[in-house]
Amino acid sequence: MAEKHGADIKGRLDKATQTETVGHEWDGIEELNTPLPRWWLWTFYACIVFALGYCVVYPAWPMLSSATQGTLGWTSRGELDKDMKAAAAARAKTVAALADMPIDELPKHPELMRAAVAGGAAAFRINCVQCHGAGAAGSKGFPNLNDDDWLWGGDLATIETTLLHGIRQPGDEATRMSVMPNFGSDGLLAPAQIDAVADHVLSLSGKARRNAEGAKLFADNCAVCHGPAGKGSRQFGAPDLTDAIWLDGGSKAEVVAQIGKPHMGVMPAWNGRLDPVTIKMLAAYVHSLGGGEQTPTPEPAPQP
Amino acid sequence: MSTPPDITQASLYAKREPVFNHRIDGRFRRIKWAIMALCLAVYWVTPWLRWNRGPYAPDQAVLVDLGHRRFYMFGIEIWPHEFYFVAGLLIMAGIGLFLVTSAVGRAWCGYACPQTVWTDLFQHVDRLIDGDRNARFKLYKAPWGPAKIARRLVKWSIYLAISFATGGAWIYYFADAPTLQRAFWSGTADPVAYATVATLTATTFVLGGFMREQVCIYMCPWPRIQTAMTDEKSLTVTYKDFRGEPRASVKKAQKAPGAFGDCIDCNQCVAVCPTGIDIRQGPQVGCITCALCIDACDRVMKDVGRPRGLIDYATLEDSEREKAGQPPTRHLRLIWRPRTIAYFGVWAGSGLALLFLLGTRVHTGLTVAKDRNPPYILMSDGSVRNAYTLRVRNMQGRPRAMEIAIEGLPGAAMWTDDTARADAARSLVRTVPADATQALRVYVVAPASTAKQDFAFRVQAQDEARETALSEVTFDKPQEARP
């Protein structure tokens, strides 16, 4: 150990550079005393003064339940609020125009339509992807919104209604309410009968052989809602059983399960949760995904 | 030998010796004037030239339209994705500098570099206000008084006016010049315009007015590169020491004919040098080859009745030949050698390639982005639908109808976000606005039996030129159910 301290070397001048040493030596190595430049010190002091001032005017010190507020009253939430208000002000004109416009009119205004679709895409990402997926492709039991198969209808106004009132929402008079009996668990049909009906349903799209028993059972029990040909009914939200799209799966087992104890989806009524303009935007976005239907033109009144 | 300097006492900072260069006339001085006038004229006039591009594009001949991401140069319009043209021009400029440097030395430094041009201009202002070399030196040494202050203020005001006139013109390349000028003087122009003018005025004022040769010697990287590119075959300003040395005054030389060289040690070559060097010490980094020393020396040689060319443009190799008593080679012969020919080949090749690209480029473009979430959609009739976002570019200054068609993918049809599936077809026509890109969401539907495969979208302009662009994409379908 060759560490030396103290007065014997303190203040000694280094031979090579004629600089004072700091007074420590370790294994023959000494540190030269090169003081900081004056400008550096002044900058350092200025930083301290700045920091003190900063602590006074901005929120700085954490306290037990909150933090010091600062004399300026600045908060990051306030900044966000300001930004949000600015964004809202920038959108105000579009929002006002959308609020006044019946959704059927929207396609006649391409600029507004574009704005609505863009806004709807953003709202979709927050509110709808949990069930319908990021690309709105859905999954088993959750409808794919890209395709052309609509349980309740796919024109702008109908989509808007579905969004407003949801599916099977208690307390909403206008909610979409489809009811399929529990044919199996309520004992309405025997397992063999369910099997026959399932075969009939699959035969509608060529996935099974036709059978007379199933056809009869179908006509008696299912045709009320699904129609005699199995084409479904948008009035009751009854799916079309003849197409290639199966909400709850198109295998024999899945169809049997759906007849025996049907799974029936729900969707929140967004009226009251989201503002009407956002709902309109969502409808426009869903309609724009590629499966949207034309608004049906009302049939002319019959001539007397 | 003197004792070596005491390095412990040497300062790391040497005070600048100001350069008061003498006025000189001569052929290189006139060339410098001409190049300066030409450069400034081109610089000032260019943004004010008009070029009719029809109702859809600006009518400024040269315009860098950053806001709309367009670059206009007379009949040429560059889009951002064609920036390789600008890159190509930069490459040509670089190789052009190599070519010029290897051929005629640092001609860029001496005649065309903005730092040289502005320094030259400001040195003339010095002469105008303070007088020539001796008067300026006297004024520099004189104590500060009202007369000196007044002269300095006048001079700096002129510096500032020149800086503003030249720095301020830069902004007109980036916006419609007449509009911008009105806005600028009425105080309503964009703050960026004022900031740009202020910055360029300040840098010109400081660099040209005060830093001058220090920029060339200490700040500029180019002389280091250039001196590496000149060789013994490059034309450069050369003092022919075999002819000039030993130096002697005219009187002394008359007393002993034949004992002395042509240089009479009048120092005129040093007095006129804008960077304050002595060319008789050989090639050096401070020499910008402006050749004013040639003008000065030629005049002195004429006055004392000796042949011109004691200082002259020459190659080192040719100087050696001349020293050995052989006649000098003609400059054109000196320039034409493998190195310059190679540079010229690369330079001209780049230029021809750019011209070829410019001549054959298509003003129609198509990029396609496929929807990947979800990659495909099963339709109720069993068919499969894929969605694509097409961007159709119309790079001409008029709206054009474009036919967009499916190439390949048998049995497929498409419709767009503004039509319905009932209108699905193999092709459709859309009018794309002038000088614009139009986004189009396209749905392609194919029968269930279609395999996953590549196909293409083809866009064809429906005008006499019928330009086409093709973009290949994939059509996805549901995977076969696993057993």
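## An exposed pair on a helix

Let's start on the outside of chain A: E111(A) counts as exposed, with 59% relative accessibility. This is a predicted model. E111(A) has a partner, R114(A), and their side chains meet in a salt bridge, 2.9 Å from N to O. R114(A) is exposed too, at 52% relative accessible area. Both sit in helix α3 (residues 110-127) of chain A, and because they are three residues apart there, about one helical turn separates them.

Now for chain B. How far apart in the chain are R441(B) and D371(B)? They meet in a salt bridge of 2.8 Å, N to O, and yet they are 70 residues apart. R441(B) belongs to strand β12 (residues 436-446), while D371(B) lies in the loop between β6 (364-370) and β7 (377-378). Both of these residues are buried.

R400(B) and E467(B) also form a salt bridge, with the closest N and O atoms 3.3 Å apart. This pair links distant parts of the chain as well: R400(B) is in strand β9 (residues 400-407), and E467(B) is in the loop between β13 (453-461) and β14 (468-475), 67 residues away. R400(B) and E467(B) are both buried.

Chain B has a network of salt bridges too, linking D126(B), D130(B), R136(B), R152(B), K155(B) and R212(B). Over all chains, the whole structure has 45 salt bridges.

## Where the two chains meet

So how much area do chain A and chain B bury between them? The figure is about 980 Å², with 50% of it on carbon and sulfur atoms. On the chain A side, D148(A), A244(A) and G290(A) lose the most area to chain B, together 38% of what that side buries. The contact takes 16 residues from chain A and 14 from chain B.

There is one salt bridge between the two chains. In it, R421(B) pairs with D148(A), their closest N and O atoms being 3.4 Å apart. The side of chain A that touches chain B is made up of five nonpolar, seven polar and four charged residues. Nine residue pairs are in polar contact across the interface.

## Cysteines without a bond

How many disulfides does the structure hold? The answer is zero, over all chains. Take C55(A): the closest cysteine sulfur, in C47(A), is 13 Å from its own, so the two are too far apart for a bond. C55(A) is partly exposed, at 27% relative accessibility. For C128(A), the nearest cysteine sulfur is that of C131(A), 8.8 Å away. C128(A) is buried, with 8% relative accessible area.

Definitions and conventions: Residues are numbered from 1 along each chain as its sequence is written. Chains are lettered from A and ligands numbered from 1 in the order in which they are written. This is a predicted model: local features need pLDDT of at least 70, side-chain atom pairs count only at pLDDT 80 or more; totals for chains, interfaces and linings use all residues. Side-chain values use heavy atoms; hydrogens and water are left out. Contact means heavy atoms within 4.5 Å. Buried area is the accessible area (1.4 Å probe) that two parts lose on being put together, summed over both. A salt bridge is a side-chain nitrogen of Lys or Arg within 4 Å of a carboxyl oxygen of Asp or Glu. A polar contact is a pair of N or O atoms within 3.5 Å; within protein, one must be able to donate a hydrogen and the other to accept it, and residues adjacent in sequence count only if both atoms are side-chain atoms. Ala, Val, Leu, Ile, Met, Phe, Trp, Tyr, Cys and Pro count as nonpolar, Asp, Glu, Lys and Arg as charged, and the others, Gly among them, as polar. A disulfide is a pair of cysteine sulfur atoms within 2.5 Å. Buried means under 20% relative accessible area, exposed over 50%, partly exposed in between (1.4 Å probe, protein chains only). Helices (H or I, at least four residues) and strands (E, at least two) are DSSP runs, numbered from the N terminus.
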